[in-house]
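Hi,

Here's the structure I promised to pass on. Have a look at it first, and then read my notes on what turned up.

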Amino acid sequence: MFWNKAMETISGPDLRTLQLKRLTWTVRQAEKVPFYQSLLKNAGIRSDAIRSLDDLVKLPFTSKKDLRLGYPFGSLAVPLTEVVRIHTTSGTTGKPTVVGYTRADLENWADLMARDLTMVGLGPGDVFQNALGYGLFTGGLGFHAGAEKIGMTVIPSATGNTRRQIEMIEDFGVTAVNATPSYAMRLAEVAEEMGAGLETLRIGTFGAEPWSENMRRELEERLGITAYDSYGMSELYGPGAAFECEEKNGLHFWHDSFLIEIINPETGEQLGPGERGELVVTPLVKEAMPLIRYRTGDITMILDDVCPCGRGQKIARIMGRSDDMLVIRGINVFPSQIEHVLLSLPEVGEQFMVYIDRIHHLDEMTIEVEVNRDYFSGELGDLTHVQKRVAGVLRDSLNLRTRVTLVEPGSLPRFEGKAKRVIDRRGDIW
Ligand code: ADP
Ligand code: ZN
């Protein structure tokens, strides 16, 4: 099912002509912003000199740092009188970035979300529980607009009050739930505690943070759903920029609205399909806050297989942000990889936490792992074989030597929004 078939399937010269026209428009829009004026001047390029999509590489990169320098409204290309909404990023890596929207931006954003939700088979007749934060976070309102647009019955439940969320799923016959994967896990846990069957639920859409294939499998089994990955960021409106189709094999990045590149984060050089690196995005129709070659910091790759669904441009699921990568004694690892390994072990429960310490000038990783309820008799002391097995499997699959500590089921923090599972204690020592 398509929401906007013309745009979702446009390809070849038609697509390139549209992208070029929109790229030139975007650079013209950026030329209204003082910091872009100087960046473009330094790079020696102007909107009227753009002749083909290959000219993209002549444009300068921009990053969160540039946007933070302009805090709060320095990145706007339109007067505040034309801005009808303000959001901010979650501030996961520092001071939140402010994002402004014109009315046209809100309409485009809702159209992308409508495409995403239609693509996974949702529509009128579905009851959609939107368990993402409403407010400055783009997640709640972003999904809300798209979900209403396609005619679903929307429950703006937001996060928290988890038992009530479960009751609503049952009482209102909810068919689809939207949340961060961490909160979806919490929903599953509480539903089991309450003995709720959640029979009507059939689809889950999860995003805003990295989550592994094993996490998907677990959520699908425990909630009785098909789970789809949703990617976005406030600077690209919010959620909706890229979404899995029913194939669950890569996320379609809307090619009429975003040009994407993958670069080597060290050299800035473009990488080809199948090569993992940092995602760089140039939105093509953003009015209030245009961006040029925006370095997302997110690690993924372009997939060039032809998707049976008929849509174009796809990326692989995001491994994490470049700054999430842990380097422990020369071994690189993303928390999402640790999650994937831990969730493959039946003895392991829902949650884990990672601590990084510097001990005798060496970085050490300690992973606290909850034991699965079914394996827990009340005594952690009986489970040294489990502790050894977890440490062994982590070592074998990630080449990572860690200290593993088992903790009781239910004892680690649960998250309603984005999880924070890594605590770096190295700074505390010096
Ligand atoms: P912040 O960057 O402050 O967290 P946002 O709320 O805008 O602010 O979050 C956007 C970021 O969330 C992305 O850059 C990415 O790191 C992460 N993210 C969003 N969706 C996904 C996803 N499906 N998989 C992995 N990471 C995601
Ligand atoms: Zn597809």
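A nonpolar core here means a set of buried Ala, Val, Leu, Ile, Met, Phe, Trp, Tyr and Cys residues joined through side-chain atoms within 4.5 Å. Keep in mind that this is a predicted model.

With that in hand, the largest nonpolar core comes to 61 residues. Leu59, Leu117, Leu122, Phe128, Phe253 and Phe258 are the ones with the most contacts inside it. Helix 5 (residues 103-119) gives the most to this core, putting in 6 residues. There's also a second, separate core of 27 residues, with Met168, Val177, Phe206 and Trp211 among them.

So what does Leu117 touch, leaving aside its neighbours within four places in sequence? Its partners are Leu122, Phe128, Phe143, Gly146, Ala147, Ile150, Met152, Thr205 and Phe243.

Phe128 takes us to strand 3 (residues 127-130). Val127 and Gln129 point one way from this strand, while Phe128 and Asn130 point the other way. In a regular strand, side chains alternate between the two faces of the sheet. Buried or exposed, these four? They're all buried.

Strand 3 has parallel partners to look at:

- Strand 4 (residues 153-155) pairs with strand 3 in the parallel sense over 3 bridges, and Phe128 stands opposite Val154 there.
- Strand 5 (residues 176-179) runs parallel to strand 3 and is joined to it by 3 bridges, with Gln129 opposite Val177. Val177 is one of the residues in the second core.

Finally, strand 3, helix 6 (residues 138-149) and strand 4 form a right-handed β-α-β unit.

Cheers

Note on methods
Residues are numbered from 1 along each chain as its sequence is written. Chains are lettered from A and ligands numbered from 1 in the order in which they are written. This is a predicted model: local features need pLDDT of at least 70, side-chain atom pairs count only at pLDDT 80 or more; totals for chains, interfaces and linings use all residues. Side-chain values use heavy atoms; hydrogens and water are left out. Buried means under 20% relative accessible area, exposed over 50%, partly exposed in between (1.4 Å probe, protein chains only). Helices (H or I, at least four residues) and strands (E, at least two) are DSSP runs, numbered from the N terminus. Contact means heavy atoms within 4.5 Å. Two strands pair if DSSP finds at least two bridges between them. A crossover is right-handed if, with the strands pointing away from the viewer, the path from the first strand over the helix to the second runs clockwise.
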